Amino acid sequence: MENDARETMIPSVENDAANDVHRTYYSISEVSEMFSLPYSTLRFWEKEIKQLKPHTERQTRYYSQNDLDVIRRIIYLRSQNVPVKDISRRLTLDRKGIDTRRKAYELLTSIREDLVHLREQL
């Protein structure tokens, strides 16, 4: 590999990708091997799931740590039989996560209190 800025950011395949936490990007072949997924599955997910957007340079895909986290979550959701068409929506909801659940809990608690108050008035 030429000695340029990409050398420190984009890993070579010779490195042990699964154990190198300091790496910035991983090639599609490394990601495919890490997760035992065919290239075609990764490419399909990229088209269908908006949160999976690897960096592309010179027609080569490079996956970030964030992309790897998204892939882990996709694999989990697929293991729970969530259809691919629903995964993007689920990932968006998951990202809102605790905040959304907390707000929902507060809203439901408030509604419950209102209903209790109305019942007492009857």
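**Notebook: first look at a predicted model**

I began with the secondary structure and noted 5 helices and 3 strands in the protein. The model is a predicted one. Following the sequence, I wrote down the order α-β-α-α-β-β-α-α.

**Overall figures.** I looked up burial next: 30% of the protein's 122 residues count as buried. The accessible surface came out at about 9,100 Å², and carbon and sulfur atoms hold 51% of that. For contacts, I took those with a separation of 6 or more and found that 43% of them join residues 24 or more positions apart.

**Helix H3.** Which residues of helix H3 are buried? In this helix, residues 39–48, I listed Leu 42, Trp 45 and Glu 46. Looking down the axis of H3, I saw these buried residues fall within an arc of 105°, so they line one face of the helix.

**Aromatic pair.** I searched the whole structure for aromatic pairs and got 1. The ring centres of Tyr 25 and Tyr 62 lie 6.4 Å apart with the planes at 70°; planes over 60 degrees apart count as edge-to-face, so this pair is edge-to-face. I then checked where the partners sit. Tyr 25 is in the loop between helix H1 (5–9) and strand E1 (26–27), while Tyr 62 belongs to strand E3 (residues 60–63). They are 37 residues apart, and the pair links distant parts of the chain.

Are the two tyrosines buried or exposed? The cut-off for buried is under 20% relative accessible area. Tyr 25 has 17% relative accessibility, so Tyr 25 counts as buried. Tyr 62 has 9%, so Tyr 62 is buried too.

Technical notes:
Residues numbered from 1 in each chain as written. Predicted model: local features only at pLDDT ≥ 70, side-chain atom pairs only at ≥ 80, totals over all residues. Heavy atoms only, no water. Buried < 20%, exposed > 50% of the residue type's maximum accessible area, 1.4 Å probe, protein only. Helix = DSSP H or I, 4+ residues; strand = E, 2+ residues; numbered from the N terminus. Arc of directions from axis to C-beta. Phe/Tyr/Trp six-rings, centres within 6.5 Å; stacked < 30°, edge-to-face > 60°. Contact = heavy atoms within 4.5 Å. Areas by Shrake-Rupley, 256 points an atom, 1.4 Å probe, with all protein chains shown as cover.
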